[in-house]
Each structure stands twice: as structure tokens, then as C-alpha cells.
Amino acid sequence: MKHFKKIRIEMIVEEAVAEAMIEQIQDAGAKGYTQIHDVSGSGNRGVRLGDPVSGVGGNVQLIVVADAAIAETIIEEGHRLLEHYAGIIMSSEVEVLRDEHF
Amino acid sequence: MKHFKKIRIEMIVEEAVAEAMIEQIQDAGAKGYTQIHDVSGSGNRGVRLGDPVSGVGGNVQLIVVADAAIAETIIEEGHRLLEHYAGIIMSSEVEVLRDEHF
Amino acid sequence: MKHFKKIRIEMIVEEAVAEAMIEQIQDAGAKGYTQIHDVSGSGNRGVRLGDPVSGVGGNVQLIVVADAAIAETIIEEGHRLLEHYAGIIMSSEVEVLRDEHF
């Protein structure tokens, strides 16, 4: 079957910025997103493990699959949002079968 | 060290279809799969956040690494299973060292 | 904006080896890592679902983004650590905007 090329964006960001990030993902025109919650780790602003009791300070992983132009908007706007928060954004090419879903 | 090319399949699917999806992954000949549970998001069938109390209606992320031919079977059969469920399937090339494990 | 190529390493490993794995990731020079906890699945050492009550025997997903040379060290040392544990390691190319963060 025919495969279509899309961009997969993966973000690991502070929970505090997740809502604003999802809003800009949707504003950019992505048709969906995935959020994975139970995420810890360390990164460029020091160790960030989250508080195991309150959950405050944790991270989330956001995954978005979109066309290249929409993806570029999400990546650039995402970095603007991360100016005051910890987080990383990476992108890579993936293939999908249902072109119209992304 | 020598790296071998494989296909990484990533699915975000309704929990209700996860068991059937894992069965078809194994039937196709994949030697393993990974399931990540605490997944929410929105997609092509409307917002799907899962019920935070009952857990009903949530999503899971499934990750499979396999040879190209097995991967194609999993992707095509996966789409047949998703005809009546929300979910996305994407694939991309990855490299592994232990060829015999996949 | 300019994108920089990095290597994304993804590991699904037994929780018992996660701490040693994170240590070698940091020793190799990676500037960060991400750990996702609620992971089950089956693989090359038989079904490994984890004990739902005690959490013992579960798996974690580790994600690292690094330069190619550091990534190769992490992948090779990672396989040495996995000699006595269940787990898989895969790698793929990703793009990032902030070269200095990885």
C-alpha cells in the first residue's frame, strides 16, 4: 500500500508549559496530538525528576504527526514557548497510510 | 559495530483495541512489542482524554521493531483493525545491533 | 530555521538495569535523558509484563538525543549492560534546532 511521508515531532517539556504547547499545536493546524504523562529525566536546566508525591514539576512527552509546513510552525513556535521552561523538541520523518488523518 | 536496519512501528490506539492489536502483531511474526499505558490526546475521532477515574476510554502506545516485510503486514492489518476504533499508525527506519532479536 | 542532525536512542529495558544504564548515558557525555515508567510488553527473554501490584519486574523506556560519536558509545556500552538483562536498543536520526543543548 502507498505510504505518505509526514513529520513526527516529539517534545519532552515541563508540565507547566504543556497546556500552552498543546494550544499552539492545535492553532498550527495539527489534526491531533498524543500526551504521555509519566515522564522524568534530566536535561539542560538541571535534573528534573518531578515530585513523586505532588506530581508538581514533572514532564510530559508530546507527539505530533503533521505535514512538513505545519510541523515547522509547531517547532518554531514551540521553541518560543520554551524560552522560560525546560524542554527539548526533536523531529524526524515517518510514514503513514492514511494521508487525510494528519 | 555493524548496525542493522529495521522498521519501528508506533501506534497510538484506543485501549479497547489494544489486545487484538497485540495479537495481530505477534501473529505477523514480530518477536516483541512494547506497550505504554498512560497516554491521552486528541485525534481524528474527536478529543479522547480517557476517564481519569475509571481509566476507561484511554489510549495506549504500542511500539514494535521488525523486519520490513513483517512490519508491512502489521501496518496493513493494523489499519483493518482500526476501521472501527480511533488510532494512528506510523513507521520509520531505525538501526539495531542485535539483528537476531527482531 | 536551521536544523541540526542528532541521534535519538530509544531503549526499552528492565527496571533493574535502568539506574546503571542512566549512569553510563551520563558518563558517555549525553546532556540529558528522558525516562518513561509505565511500560510493559514482551521481548526476547519471554513475556515481561511486570507485577501490577509490586511494580517489580517492569520496564522503562529511556530516550537520549546526542551527537553521533556519543550515541555510538551509549549504544555499545548499553549492549554490554544488557548481557544479563532483557531489553532492546534502537537508534535513528532526528533534527533539532538548539544544537548546543544536545
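In this predicted model, Arg8(C) and Glu10(A) form a salt bridge, with their closest N and O atoms 2.9 Å apart. The pair crosses between chains, since Arg8(C) belongs to strand 1 (residues 4-14) of chain C and Glu10(A) to strand 1 of chain A. Arg8(C) counts as buried because its relative accessibility is 5%, and Glu10(A) counts as buried because its value is 0%.

Arg8(A) is joined to Glu10(B), with the closest N and O atoms 2.8 Å apart. The side chains of Arg8(B) and Glu10(C) also meet, at 2.8 Å from N to O.

Within chain C, Lys6(C) and Asp99(C) form a salt bridge of 2.7 Å, N to O. This pair links distant parts of the chain: Lys6(C) is in strand 1 of chain C, while Asp99(C) is in the segment after strand 5 (87-96), 93 residues apart. Lys6(C) is buried, with a relative accessible area of 3%, whereas Asp99(C) counts as partly exposed at 31% relative accessibility. Salt bridges that share partners join Arg8(A), Glu10(A), Arg8(B), Glu10(B), Arg8(C) and Glu10(C) into one network.

The structure holds 21 salt bridges over all chains. One of them is between Glu93(A) and Lys5(A), whose side chains meet at 3.7 Å, N to O. This pair, too, links distant parts of its chain, from strand 5 of chain A for Glu93(A) to strand 1 of chain A for Lys5(A), 88 residues apart. Glu93(A) has 49% relative accessibility and counts as partly exposed, whereas Lys5(A) has 52% and counts as exposed. Exposed means over 50%, so the two residues fall in separate classes.

How are the chains arranged? In general, two copies of a chain are related by a rotation about an axis and a shift along it. Chain B can be laid on chain A by a turn of 120° and a shift of 0.0 Å along the axis, with an RMSD of 0.0 Å. The two copies are thus related as by a three-fold rotation axis. In chain B, the C-alpha nearest this axis is that of Asp38(B), 3.9 Å from it. A rotation of 120° with 0.0 Å of shift likewise superposes chain B on chain C, with an RMSD of 0.0 Å.

The contact between chain B and chain A takes 25 residues from chain B and 22 residues from chain A. Together the two chains bury about 1,800 Å², 52% of it on carbon and sulfur atoms. Only 12% of the interface residues of chain B are also interface residues in chain A, so these copies meet through different surfaces. Between chain B and chain C, 22 residues of chain B are in contact with 25 residues of chain C. The area buried there is about 1,800 Å², of which carbon and sulfur atoms give 52%. Here 14% of the interface residues of chain B are also interface residues in chain C, so these copies also meet through different surfaces.

One residue at the boundary of chain A and chain B is Gln35(A), whose contacts include Asp38(B), Val39(B), Ser40(B) and Gly41(B). Gln35(A) lies in strand 2 (residues 33-43) of chain A and counts as buried at 10% relative accessibility. Within chain A, the contacts of Gln35(A) include Ala18(A), Ile22(A) and Gln61(A). Gln35(A) and Gln61(A) are 26 residues apart along the chain, yet their C-alpha atoms are separated by 5.7 Å.

Two helices of chain A complete this account. Helix 1 has 13 residues and reaches 19 Å from its first C-alpha to its last, close to the 18 Å expected at 1.5 Å a residue. Its buried residues are Val17(A), Ala18(A), Met21(A), Ile22(A), Gln24(A) and Ile25(A). They pack against strand 1, strand 2, strand 4 and helix 2 of chain A. Gln24(A) counts as buried at 8% relative accessibility, and its contacts include Ile74(A) and Gly78(A). Just after helix 1, Gly29(A) takes a positive phi of about 110°.

Ile74(A) and Gly78(A) are among the buried residues of helix 2, together with Ala71(A), Ile75(A) and His79(A). What covers them includes strand 1, helix 1, strand 4 and strand 5 of chain A.

Technical notes. Residues numbered from 1 in each chain as written. Chains lettered and ligands numbered in written order. Predicted model: local features only at pLDDT ≥ 70, side-chain atom pairs only at ≥ 80, totals over all residues. Heavy atoms only, no water. Buried < 20%, exposed > 50% of the residue type's maximum accessible area, 1.4 Å probe, protein only. Helix = DSSP H or I, 4+ residues; strand = E, 2+ residues; numbered from the N terminus. Contact = heavy atoms within 4.5 Å. Least-squares fit on C-alpha atoms with pLDDT ≥ 70 in both. Buried area = accessible area lost by both parts, 1.4 Å probe. Salt bridge = Lys/Arg side-chain N within 4 Å of Asp/Glu carboxyl O. Expected span 1.5 Å × (residues − 1). Lists of a residue's contacts leave out its neighbours within four places in sequence.
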